[in-house]
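Please look over the sequence and structure shown here before reading on. The notes that follow are grouped by topic.

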Amino acid sequence: MTTAKPNYLNSPKGILSWIFTLDHKRIGLMYLVAIAISFALGGFFALLVRLELLNPGKLFLTSQQYNQSFTLHGAIMIFLFLIPSIPASLANFVLPLQLGAKDVAFPRLNLWSFYLYVIGAAICLYSMFAGAADTGWTFYTPYSTTTTTSVISLVLGAFVLGFSSIFTGLNFMVTIHTLRPPGMSWFRMPLFLWSIYATALIQVLATPVLGITLLLLIVERVAKIGIFDPTLGGDPVLFQHFFWFYSHPAVYIMILPAMGVISEIIPTFCRKNIFGYKYIAFSSVAIALLGFLVWGHHMYISGQSQFAALIFSLITFLVSIPSGIKVFNWIATMYKGSIQLKSPFLYCLAFLFLFCIGGFTGVVLGTISLDVHLQDTYFVVAHFHYVMVGGTLMAFIAGLHYWWPKMFGKMYNERAAVIAWGLIFVGFNVLFFFQYILGTKGMPRRYYNYLPEFQALNIVSTVGSWILAAGLFLMLGYLIHSLLKGKPAPQNPWGGLTLEWKADSPPITENFEEIHIVTGGPYEYPAATKSAH
Amino acid sequence: MNEGLMKNGSFWMPSQASTFAPGIDVLYDFIFWLSVVLFVGIFVVTAYFIIKYRRKTDDQLAVAQIIHNDALELTWTLIPLGLVMLLFVWGFNSYLGMTVPPSDAMDIKVTSKKWNWQFDYPEKKITTFGDLTVPVDTPIRLVMSSQDVIHSFFVPNLRIKQDSMPNRYTTVWFQATKVGRFQIFCAEYCGDAHSDMLGNLIVLSKKDYEKWLDNGGPSTAGMSLTDLGQRVYQTQCSACHSIDNSPKTGPTFKGLYGKLTQTSAGAVKADENYLRESIVDPMAKIVTGYPAGMITFAGILKDREIDGVIEYIKTLK
């Protein structure tokens, strides 16, 4: 029997050493488990919704149960999965490693942020059994202030989760400022760190607005003070402004880290230095800043002023440019590379493909007069799933596969990974592509019952949800298999150059035995022929 | 039957029935084909790179390290920027056309509530529920408000949609170009029967519309009480009450008359007086197992219409 080398997983031992751990890697792992459970729960509600939509009218849910299902699906996926997904789990693990640091700047705050997540999730779970809310994840007033379902508990859960997100963002921001290793200037940072930094900016600046808004909603429901409800003298459009002032930037909290993951994986699997480093880095910051100024594009038909709609449309078009720049630079990075089609890279390709469709349809929706027709239809549903699932989820899975050997010291079955990738890619498109047609043809979203002529495409979409679920279950299977029986992972299975690949797989508790001095950019791969830059 | 949305019109859009629709569709098609060209371009290049530069041996290095090209960056920044600015101006221009009604537009008041649409024709003192009847080739301005939560008035064939808010008026206008019947949806989520909050846009020729007006709107004078009741049921009650025992927000009407019903005020026999009370004062006795969600129809339904609904319920054995 060989004794395993001490690493962060096996020393110290004991359940208490996990519960009270200050190690960013363990906290990242606990987040990963918690987020995976949330994702499974949100996915369960998605499958319920899709199953019920197999036929118009009732299949097995009442209209209220259906409304509660899509509300919980949305709220869980947004607040419990998408927002914390990459930052809290993957970045928590990777960020200090990429900095060659021992930990984040505030390890205790990091643990507190995790427990806030658990508390917030517990409140949301309680809400599910205490008369689950039926408002949609957007909590629009005055519906949310007048419905009899348990809105307050779900809102309170989201409120607590907001603080978890703020603390994570703050922690990462300070860590990037203060813990960079000798020689790592801002422009020698891996691009993942740039994107996490831009994300942190939004988390810290926008999330408090959501907190205040949700608190006001609770105050209105409990104390009957008129803020948003017109029967009490409030203004429902004010709620929409407050809500989207956070929730639109929140979209970038979800997508910026995803873009960071892509920027890491593409150079590694192409053995290429990234093309246009500064353009990618600055476009992250540009997205974060412009992202604050586009919330009104959710409200073109809400009765806001036409002048406001004009400005919001203009800035919405501008924010599409930095995303385009990133896509072009990623593809240019492949030029003259040495491209290896392993599963993390395949997920990057899926990301590029789906994110582009999501992006182009976003341009359609940004065009005001088209948005009038398409707003609140399945076109919007398809669009944001292409961006959030096709974008964020694909990048999350890509990153999970990329850093899995580092996190657990085990390899997974690549063949199974490629099959799962195929199922997920096909299933996703079958599920969501036809919803674009339903949308342009006029099927509104959040419809329990629908016109019989919409049934055929709804059936196709539901079948797609089963293919997607099959792919995800297969992934769960081979990842668990990898933990139990996977081959030991080498220190650097993909040939990456960023600092995390200089740590053991899995790393020791202190991450590194020595301090690494950085002397160049993060992706300085050699070339077969010497050519001028 | 309303005009089918899926089978009529183009691949993407339903058939066109307003003056806005052709312009909107041209803009949509322009963006669609522009996106297709760019998308195919991007992925042809990607596929080419992946095939050409695929790693064949484990130690294969990149052919060359080309890491920046400012001219290229400028190109793929400025060309998309120019394109989206074109779309912005185009989209905003057509939006302006949709928000500024002609001064001679005919006003119709729209009132939304859970879960039906009410249309008032101010000049003729006509009120209809569910059916919006308008003349063809005439600008119509809808002045909308809601009695409870936010709803949204959506007619795909017209390419218009506008939220209807409580405590504030919103407006939308259109000019129908085609005689026919078209689907009205509620597009802003409003609760249990959101997806049943439907309506019909009935576009008549100018002559037929005059006739319709002269008859005082939908004619009910010669109708039997049962027929009138059925009509009222379809526009007012059907979102929440089924007539075939299927579950909806409220209790079914099937077999209701004469039934002993458990309510918040004890067991009640569903006779004429109970049914009438439930319509004008729904909170008085709430059927066990159902939410207290109904609004009063006092002042909304005329006496003869209430009589009709009761007679209609009697026929649902």
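In this predicted model, B:Pro102 sits in the loop that runs between helix 2 and strand 1 (106-113) of chain B.

**B:Pro102 and its surroundings**
- B:Pro102 has 10 C-beta neighbours inside 10 Å, and because a residue with 12 or fewer is classed as exposed, B:Pro102 counts as exposed.
- Although 37 residues separate B:Pro102 from B:Pro139 in sequence, the C-alpha atoms of B:Pro102 and B:Pro139 are 7.0 Å apart in space.

**Where chain B meets chain A**
- On the chain B side 75 residues are in contact with 74 residues of chain A.
- At least two residues of this side of chain B come from each of helix 1 (21-52), helix 2 (70-99), strand 6 (151-155) and strand 7 (160-164) of chain B, and helix 2 of chain B gives the most, with 15 residues.
- Sorted by class, the side of chain B that touches chain A holds 46 nonpolar, 19 polar and 10 charged residues.

**The build of chain A**
- Chain A has 15 helices and zero strands.
- The radius of gyration of chain A is 23 Å, close to the 24 Å that the globule rule gives for 533 residues, so chain A is as compact as a globular protein of that length.
- Taken along the principal axes, the C-alpha atoms of chain A fill a box of roughly 65 × 50 × 45 Å.
- Of the 533 residues of chain A, 60% count as buried.
- Among contacts in chain A between residues at least 6 apart in sequence, 85% join residues that are at least 24 apart.

Notes
Residues numbered from 1 in each chain as written. Chains lettered and ligands numbered in written order. Predicted model: local features only at pLDDT ≥ 70, side-chain atom pairs only at ≥ 80, totals over all residues. Contact = placed C-beta atoms within 7 Å. Helix = DSSP H or I, 4+ residues; strand = E, 2+ residues; numbered from the N terminus. Nonpolar A, V, L, I, M, F, W, Y, C, P; charged D, E, K, R; others polar. Rg over C-alpha atoms; globule rule 2.2 N^0.38 Å. Buried ≥ 20, exposed ≤ 12 C-beta atoms within 10 Å, placed from the backbone.
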